[in-house]
Amino acid sequence: MEERTVKHEHELYPMLSVEDALEHVLRAFHPLEPERVPILETLGRVLAEDIYADLDIPPHANSAMDGYAVIAADTTGAGPDAPVRLRVIENLAAGYVADKTVTPGTAIRIMTGAPIPDGVDAVIRFERTQQEGEWVDLYYEPPVGNNIRCAGEDVRKGDLILVKGTHVRPQEVGMLASLGCREVSVIRRPRVAILATGDELVDVDEPLGPGKIRNSNGYSNAAQVLKYGGVPLMLGIARDSVSDLTAKIRSGLTQGADLLLTSGGVSVGDFDVVKNVLAGEGEITFWRVRMKPGKPLAFGQIQAEVNGDLRTVPILGMPGNPVSVMVSFEVFARPAILTMLGVTDLSKPTVEAVLENEIRSKDERRHYVRVHVQEDGGGYRASLTGQQGSGILNSMVKANGLAIIPEDWAHVPAGSRVRVMFLD
Ligand code: AMP
Ligand code: MG
């Protein structure tokens with residue numbers, strides 16, 4: 001840390017480790033209430049009910065192959081040079097039930113998935129047969145049960161199939177459909193209000209006047225909210241004044257936000273008013289976090305009257321620099337959103353990689369370094385994505401991971417093994 005003669009008020013707060021700061025944040029979040037939704041809307045969300053099977057899947061024994069349904073004992077002695085000939089009495093497609101029963105000397109031509117006809121105890125696939133008119137020559141002696149899928153071999157009626165708390169992936173959606181569930185109960189998505197702050201900001205479609213830049217944070221944060229399963233409420237841009245900021249925050253709260261994210265205005269500049277507004281409007285734990293980028297971070301709760309009810313909403317004031325805000329989101333907002341969604345495993349996939357570049361760090365903060373990581377001969381190799389300034393959004397664009405450099409590593413020589421958290 002550089003020496004300062006004037007101590008700013010917030011510097012009296014201790015600089016927290018990432019873990020301690022995250023613990024503070026997560027204490028304010030709990031799984032939200034459930035809602036019933038069509039099954040395609042359950043993807044990425046958490047089941048709020050146990051799902052039992054009220055039927056066997058498959059509901060009937062069926063053929064695992066296209067071939068001939070036979071009585072195994074009828075094929076005794078069949079082989080590549082010794083076909084056994086049976087009469088074909090029916091042609092059965094999937095989705096239909098056979099009219100006839102297979103009796104000794106007969107077979108039914110059957111397609112994959114079609115129910116096993118009465119009398120049948122084996123199916124011989126086409127490749128081992130030769131049909132001629134109403135006759136089929138079989139070049140194989142199948143064991144009983146050959147190519148027959150039993151009723152209930154996937155799911156048994158009455159069994160608990162999906163447990164409350166399951167994080168739904170495409171395979172769970174398929175299982176729900178299989179079980180005939182049209183709608184199920186899942187934890188609702190959190191509504192996350194996003195507010196960018198700064199007199200210098202204009203929206204994406206506005207002309208850039210002198211001294212102005214576009215609001216990228218609002219959009220990268222909203223995209224992150226979507227990516228992790230929240231619903232973004234776009235509050236736009238607040239100017240660096242207490243009145244505008246207060247008004248915009250209030251509008252987010254009246255729109256029913258479960259979490260409010262701001263970017264910018266939490267540093268030590270003359271116009272960094274976010275922390276003052278938070279302190280005035282609610283209860284604030286303000287700290288600096290021992291990380292880079294993303295040191296200034298304000299977290300607190302704000303109270304608001306929504307439709308006559310007094311609600312307390314957590315607010316995370318993230319830094320303004322485009323990389324800092326995205327890294328802060330990954331580290332703090334993502335776990336908060338997942339917790340509200342009912343997800344319990346908050347970890348991100350990480351790998352150990354060999355770092356191709358040298359890194360120096362002088363201030364004992366945990367470094368989140370933008371890297372591109374790729375597989376290399378059974379291991380992984382990570383290289384810096386160019387300039388690492390916290391304003392260089394391109395370093396995020398080119399990155400697929402963040403290398404996490406521990407606080408006490410002042411010098412990381414090229415070739416060091418580092419932990420890399422995947423961004424995607
Ligand atoms: P601040 O923390 O408000 O001093 O902002 C730090 C830096 O991030 C400044 O250079 C800002 O112009 C920039 N910045 C702040 N908010 C945004 C935003 N929404 N989009 C892009 N850059 C921003
Ligand atoms: Mg600012």
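On a 1 Å grid over the protein atoms alone, a pocket is an open set of points where a 1.4 Å probe fits, with protein on both sides within 12 Å along at least five of seven lines, and its lining residues have an atom within 4 Å of a point. Grid points are joined across faces, edges and corners, and a volume is the space filled by probe spheres set on the points. The model is predicted, so local features need pLDDT of at least 70 and side-chain atom pairs count only at pLDDT 80 or more, while totals for chains, interfaces and linings use all residues. Residues are numbered from 1 along each chain as its sequence is written, chains are lettered from A and ligands numbered from 1 in the order in which they are written, and side-chain values use heavy atoms, with hydrogens and water left out.

A look at the pockets comes first. The second largest pocket comes to about 360 Å³. Its lining is made up of 16 residues, and Leu22, Val331, Leu346, Tyr368 and Met421 are the ones nearest its centre. Helix H1 (18–26), H6, E25 and strand E29 (417–422) each put in at least two residues; helices (H or I, at least four residues) and strands (E, at least two) are DSSP runs, numbered from the N terminus. H6 has the largest share of this lining, with four residues. Sorted by class, the lining of the second largest pocket holds eight nonpolar, two polar and six charged residues. Here Ala, Val, Leu, Ile, Met, Phe, Trp, Tyr, Cys and Pro count as nonpolar, Asp, Glu, Lys and Arg as charged, and the others, Gly among them, as polar. Domain 1 (2–32 + 189–340) and domain 4 (350–422) each give at least three residues to this lining, with domain bounds taken from an automatic or database domain assignment.

The largest pocket holds about 880 Å³ of space. Around it sit 44 lining residues, with Pro296, Pro319, Asn321, Ser324 and Ser390 nearest the centre. Two or more of these residues come from each of strand E16 (213–214), strand E19 (282–289), helix H6 (322–340), strand E24 (359–360) and strand E25 (366–376). E25 gives the most, at four residues. The lining of the largest pocket splits into 15 nonpolar, 16 polar and 13 charged residues. Because domain 1 and domain 4 both contribute to the lining, the largest pocket lies between them.

Next come the strands around E14. Strand E14 (residues 191–197) is mostly covered, with six of its seven residues buried (under 20% relative accessible area with a 1.4 Å probe, protein chains only; exposed means over 50%, and partly exposed is in between). E14 runs parallel to strand E17 (residues 231–238), and seven bridges join them. Strand E18 (residues 259–263) also pairs with E14 in the parallel sense, over five bridges; strands pair if DSSP finds at least two bridges between them. Leu195 stands opposite Gly236 in E17 and opposite Thr262 in E18.

Most residues other than glycine have a negative phi, and most peptide bonds are trans. The bond from Ile57 to Pro58 is cis, with omega near -10°, and Pro58 sits in the loop between strand E3 (51–52) and strand E4 (62–63). Another cis bond runs from Lys292 to Pro293, with omega near 0°. Glu364, though not a glycine, has a positive phi of about 55°. Glu364 lies in the loop between E24 and E25 and is exposed, with a relative accessible area of 54%.
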